[in-house]
Structure formats: C-alpha cells, structure tokens
Amino acid sequence: MGRPTSSSSSIDSPNHFAFSSTASSQRDLTTDLRLGLSISIAPPFVREQWPPMKAAVAEEEHECNSSTFYVKVYMEGIPIGRKLDLLAHESYYDLIRTLEHMFHTNIIWAEAEMDRDHYEKYHVLTYEDKEGDWMMVGDVPWEMFLSAVRRLKISKC
Amino acid sequence: MHKKMAFSFPDEVLEHVFSFIQSDKDRNAVSMVCKSWYEIERWCRRKVFVGNCYAVSPRMVIRRFPEFRSIELKGKPHFADFNLVPDGWGGYVFPWIAEMAGAYPWLEEIRLKRMVVTDESLELIAKSFKNFKVLVLSSCEGFSTDGLAAIAASCKNLKELDLRDCEVDDLSAHWLSHFPETYTSLVSLNISCLGSDEASFSALERLVRRCTNLKTLRLNRAVPLDKIANILRHAPQLVEFGTGTYTADVRPDVYSDLAGVLSSCKELKSLSGFWDVIPDYLPAIYPVCSKLTSLNLSYATIQSPDLIKLVSHCPNLQRLLVLDYIEDSGLEVLASSCKDLQELRVFPSDPFGAEPNVSLTEQGLVAVSLGCPKLQSVLYFCRRMSNEALVTIARSRPNFTRFRLCIIEPKTADYLTLEPLDVGFGAIVQYCKDLRRLSLSGLLTDRVFEYIGTYAKKLEMLSVAFAGDSDLGLHHVLSGCESLRKLEIRDCPFGDKALLANAAKLETMRSLWMSSCAVSFAACKLLGQKMPRLNVEVIDERGPPDSRPENCPVDKLYIYRSIAGPRFDMPPFVWTMDEDSGLRLS
C-alpha cells in the first residue's frame, strides 16, 4: 500500500523533509522487484480508465473487446445524471446494490420486495431499450439486458 | 529626469505598441511593468485566456478587462478525458456567459475546453452577442442539437463553429436548417462528433453551396461516401476536410465521382474522418496527397500495406494521427518518405487485448525519431520499450517539445534488461532541453523523478501513472521543475511529506491532480488551511472524508491556485479544504 503516512508532529515544517538523495539509491531496487516487495501499489489498476485514451478513439469498432459499458443514470428530480459501468457488475443484484448506494434510496425492480406502507422510500428502476421503450429492470436474463439497455432511470413510486 | 521620460509617451502610442503584443504571457509581463502600463494594457487587451475557470471569477475578469472581444476558458482537469473525473464535477460555463451577456454585447469569440455547456448557455450566446463570430467547443458536453439550432438561427456573422470531441445530445439533425438562407459567412464547420443516427444532407449541401468562404469542413460519421461528392463539388476551395463514413459498396461510378471531385480541390491540406474505411476507395485521395500536411487516420481500421501505400504518397506530411495497424514497417516507410514530419500520434487498435495484435514496437518510434529531423511532438502507444531505444531516440531527436509514451501494461520493465526505464526517460529529459510536455509509463522508480527534477527545466506539464517508490519522487519534481504548471498523477505511492514540504510551489502552478495515491485527509486539511490562495478539493465518491480516519488516503485530490476563493458549485462528492468551509465537516 506504499509507505504509511507519518504522524503529523512536524508535517508543516519545511525543514522536516530531510531526505537525502543517497538514501534511496543505496537500496537495491532490482532485488525488491524480484522479491515483489514494497514497490507494488495495492489496488490493481482500474481497467475502465486505462490506457489513457479519449473515449471516441478507444471505443471505436471494438465494443466487443472493450471491457466497459457506461450508461447514463438519471434520478427523477435531479437534473444532473451519473454514469455507471454495467460491465463492472455481474448480475442484477450487483447493479441494484451499486445504484442504491449511489442514489441513497431503495430500488424497486422485477425481483424486489417492497414495504407497501412506505412507498415514498422507494424508487422504481427502469431502462430504455434499443427501441426507445421504457421497461422494468430484471425481467430478462442479465446478458440480454446488457445487449438491450441504453440508459437507466430511477423514478419515484 | 526619469519621471519625464516615463510620461513622455502618450497613452495612444503605448497602446499602439501593445497592439503588436498578442501572447498572453507577454501581455501579462507588460502589465507588471508599472501602474500606468497595467492600466493601458488592461483597456486594450482584446483576447483573454483563463486556463482554469475556477482560478478567477467572471466578474473579476470583466472588471479588469473592460473591452475584450475573445475569451478562452478551460474547465475540467485533463484526466477527465479518461473518465477519472466523475460526472457533475463542475466546469459550468453558464455563469460566465450570464456575466458577459450583460457586460459585453460586442463579444465575438468564445473558446471552451472541457466545460459543461447547456442549451441554455448556447441560447444566451445566440441572444446576447450581435456580432458573434467564433464558437469552439473542445471536449465539452451538456448540450443538444437544440442549442446548436439557436446559434445557427441567430448568429448572422458566425464564421466558425467547431465542436471537436464534444458529447452532444443528438435530438434532431434539422438544426442545420436553422441557418437562414441568407447566411453565407461560414468559414469553418466541425461537426465530426455528432451522432451517427441522422444527418440532414440537403441542408448541409445547401449550406456548403452558399458559403463560398468555407475553408474547413469536418463531417460526421453519418454522412455516407456517396454524398461526399455532392458536398465537395460545391466547395473546391476547401483547405481542411473531414469525411464521414468512408465505406460503400464498391461501385465504379461512386469511385470516379469521388476521385474527380477530390482532384478539383486544389487547396486541400488536411484530411480526417475515414470511419469504416475500405481500402478500395483510398486511391481516390491519392491526387491530393502530395499537398497534404495533416492526415488523421485514427478511425481508419486498415492494415499496414494500405497505410504504407497511402503514406508514401504524402511527402509533405507534417502531422499524422494513425492506429497501430501501421506497424513498425509502416513507420519505417514514414521515416523515409516524410521528412517534414513534426507530429506523430499512434493509437492502439486493441488496447484491452492481452496479446499484441499488431507488430508495433519501440522500433517504429526509433525509426521515426532517426529519420524525421523536424519531429517534435509524439504520442505513442505500444507494448514494449527499452532504455536503449529511449536513449537512441533522445540522442537523435533533441528537439522534442512534447513526448508522451504509453506502454499499455502498467509497470512494464525494459524488455531487454528487465530493469526500470528510469535511464531511458532520464535521457529524454537530459537531451531534449526544450521539452515542455512529458507523459511517463512503464516500470519507473524514484530515480526517474530525480532525473526529471534535475534536467527538465522547461517542462510545463507532466503526467505520471503507476510509477515511483516514495515521496522522494514527488519531491524531486516539485522542487526541481522550475517551469512546471500542470502535474497529474494517478496510482503512485506519493503521500503527505512531499506535498506539504512543497506547498509554496503549488501556488506557482496552475493545478495538481493526484488520484489513488497516498495523501491523507489530514494533510489535505492542513494544506487547505495553510494556503489560502490554493483551492484544495477532495473528490471522494465513498462519502465524506471525515467519516474515515484522518490518516486514510483520499481517493482523488485536485489542487489549483485561485483568487476567487472556494467554488460554490461543488457536487456532493467534492469537498473543499478551505479554512472556513473546513468547519462544516466537523
């Protein structure tokens, strides 16, 4: 995870930064690499945001090879939408969990159970398919959904 | 005696002298000489450039420069191009348009980069500026063709409408018909980003036919090949042309039509487009190739032999954008045919594939560096690199000003020696003394940053990913790179120490971006409190940073100097570390 940050006792003193340039050169970095020590950065790089290319050039012609599929998600009442990578999810449950976290609400979809007395706490999740129709999420197999979905909408009950 | 000399030039004379000074840097320098020069300069500045729209408020700009005609604004950080900046982050242009609408009815030019532009903003532009001439939107989003219709309908003197790399909500292609039949002043039109669903060909044809001063026309993918001939027939004066989709059933009449009309375009210097290109139709452009200085084939999925044939016809090429289908062999031909080449960009055709699909290696870049004496700007994606190659490149091409190398797999070592690429990039910064922009990749330790801090004295922009071992790396860069303006870093083990030790440096730069690094929330707060002229913003979609321990690293950090104070339009996932706002968190 890289170096742990030091305690804050002398952070704001500009002279605290007493690194000497010989300190790190004395370490045998190649040994460290071979032993897999300390150089690595813990979280594996995020596929969707690497390599650094503008979307247009990256996605051209190779959507089947691309490992991302971003769709827009709007919540009723909020003009600014979000974007979500559907391919980063493995199932409807995964997707619902992300959406519930992202929008701080309870989501109704084809397989949800709802407390009918408190419908105001719920939002319905629908998607726009290739024909422009708005359908409830969850009726068709996940892969079929991925091939049909164009954008998502979260509406009040 | 001195005082008499200073007042011996009337203001008009100074103003006349200043009118020859166009560059912002020079104008800024002029304004710092003395108070009277500051005053004279601010009244006659006609073009204003704001590199970070949050560094200053619209009202401040208007107050200082009462008579400008042209404004350029930039919004989101560069890493927004790679989806690292969440939607809703900011960069809204509307407040600027609203302020200028009242103060500058004579505004003529607006150039925006990475900003959110709504239809409302476009409608306000159309309504407010009677002599509006130039609208360039680069990598912008938030508007639809409705907004474009408003511009088309109202801006009678519009000369330039350029929507390069924008994300536009394509509601209707009929916005083009909103240009009145009496409108003829178009000189440059770039709609290459518009969606593939529709295009209004007849409106486009009529527009091109009546705008006889049209010099630049970049079409979108929806325009089919057989329509291009009809459009080009009316615009033989074009200097820059972007095709639509470059494929069709191979029919001799379509081919000869196209070839005929292209060969009558005697002024053509730049070509682009070429979506879905099939090789059979490429020879149609051979007649214009000898005059071409710029060729953008980044959408052309044709293989090396066809690319080689094409490139061999273009001896005057100065700028080439191409996919890695060109391969090392194609780049060798480029090196021997195109001695005027100044800029080369090679994009990966299959960036996510595990195995290389083409034979493009470091050898291609070496060949071009050795063969093209004027080469100064490179963006190169490849899968392997060696220190030896980089040293050869640096030694043979010390005139590089922009060097961006992306080895696709992060932390890839020198494939010959398995060592880090520190020495190779070290050679680049040592030999290329005028280097202004550098992007690093591959396996890199703190050592490469030591080289950069020592040698890269003219470096203005540095992009770093998956590199370095410790804060020492960041410290080398911040303490050594005297000309540094923009630094963007992702996934590096850089933390609090280097940042806090070099806090003052940050005020001399435009901005610093750090994501997936090791900077703690505590350090961010400290920096925000100690440096009132810096806006320190934490971007974290996990929730408020104070809901985690203080020494927990923040997800993303964006620091920029500003005289406007913290901004007011932050979305819920952005927190400012400004002293006053800091109280809100606890």
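This section describes selected features of chains A and B in a predicted model.

Chain A is considered first. Its secondary structure comes to five helices and six strands. From the N terminus, the elements follow the order α-α-α-β-β-α-β-β-β-α-β. Chain A has 157 residues, and 32% of them count as buried. Contacts between residues at least 6 apart in sequence were also examined in chain A. Of these contacts, 44% join residues at least 24 apart.

An unreviewed UniProt entry lists residues 68–157 of chain A as "domain: PB1".

A:Pro51 sits in a loop of chain A, between helix H2 (29–35) and helix H3 (55–59).

In chain B, helix H8 spans residues 145–154. The helix is mostly covered, with seven of its 10 residues buried. The buried residues are B:Thr145, B:Gly147, B:Leu148, B:Ala149, B:Ala150, B:Ile151 and B:Ala152. The N-terminal end of H8(B) is capped by B:Ser144. A side-chain oxygen of B:Ser144 lies 3.0 Å from the backbone nitrogen of B:Asp146.

The loop between S4 and S5 of chain B holds B:Ser139. This serine has a positive phi of about 50°, although it is not a glycine. B:Ser139 has a relative accessible area of 15%, so it is buried. B:Asp276 is another non-glycine residue with a positive phi, here near 55°. It lies in the loop of chain B between strand S11 (270–272) and helix H12 (286–289). Its relative accessibility is 22%, so B:Asp276 counts as partly exposed.

Two helix pairs in chain B involve helix H14. One pair joins helix H13 (residues 304–312) and H14(B). Their axes come within 9 Å and cross at roughly 5°. H13(B) and H14(B) are therefore roughly parallel to each other. On the H13(B) side, the contact is made by B:Ser304, B:Ile308, B:Val311 and B:Ser312. H14(B) contributes B:Glu327, B:Ser329, B:Gly330, B:Val333, B:Leu334 and B:Ser337. By class, the residues of this contact are four nonpolar, five polar and one charged.

The other pair joins H14(B), residues 327–337, and helix H15 of chain B, residues 362–371. The axes come within 8 Å and again cross at roughly 5°. This angle makes H14(B) roughly parallel to H15(B). From H14(B), the residues in contact are B:Asp328, B:Leu331, B:Glu332, B:Leu334 and B:Ala335. They meet B:Gln363, B:Gly364, B:Leu365, B:Ala367, B:Val368 and B:Gly371 in H15(B). The contact of H14(B) with H15(B) has six nonpolar, three polar and two charged residues. B:Leu334 of H14(B) takes part in the contact with H13(B) and in the contact with H15(B).

Two further residues of chain B were examined individually. B:Ser396 belongs to helix H16 (residues 387–396) of chain B. This residue is buried, because its relative accessible area is 18% and the cut-off for burial is under 20%. A polar atom of its side chain lies 2.8 Å from the backbone oxygen of B:Thr392. Leaving aside residues up to four places away in sequence, B:Ser396 touches B:Ser369 and B:Leu370.

B:Arg402 is found in strand S16 (residues 402–407) of chain B. Its relative accessibility is 28%, so B:Arg402 counts as partly exposed. B:Arg402 and B:Val378 are 24 residues apart in sequence. Their C-alpha atoms are 6.1 Å apart in space. Leaving aside residues up to four places away in sequence, B:Arg402 touches B:Gln376, B:Ser377, B:Val378, B:Leu435, B:Arg436 and B:Arg437.

Definitions and conventions: Residues are numbered from 1 along each chain as its sequence is written. Chains are lettered from A and ligands numbered from 1 in the order in which they are written. This is a predicted model: local features need pLDDT of at least 70, side-chain atom pairs count only at pLDDT 80 or more; totals for chains, interfaces and linings use all residues. Side-chain values use heavy atoms; hydrogens and water are left out. Axes are lines fitted to C-alpha atoms, for helices over the stretch in contact, and angles run from 0 to 180 degrees between N-to-C directions. Helices (H or I, at least four residues) and strands (E, at least two) are DSSP runs, numbered from the N terminus. Angles under 35 degrees count as roughly parallel, over 145 as roughly antiparallel, 65 to 115 as roughly perpendicular and the rest as oblique. Contact means heavy atoms within 4.5 Å. Ala, Val, Leu, Ile, Met, Phe, Trp, Tyr, Cys and Pro count as nonpolar, Asp, Glu, Lys and Arg as charged, and the others, Gly among them, as polar. Buried means under 20% relative accessible area, exposed over 50%, partly exposed in between (1.4 Å probe, protein chains only). A polar contact is a pair of N or O atoms within 3.5 Å; within protein, one must be able to donate a hydrogen and the other to accept it, and residues adjacent in sequence count only if both atoms are side-chain atoms. UniProt positions are given in the numbering used here, feature names are shortened, and annotations may be inferred rather than shown by experiment.
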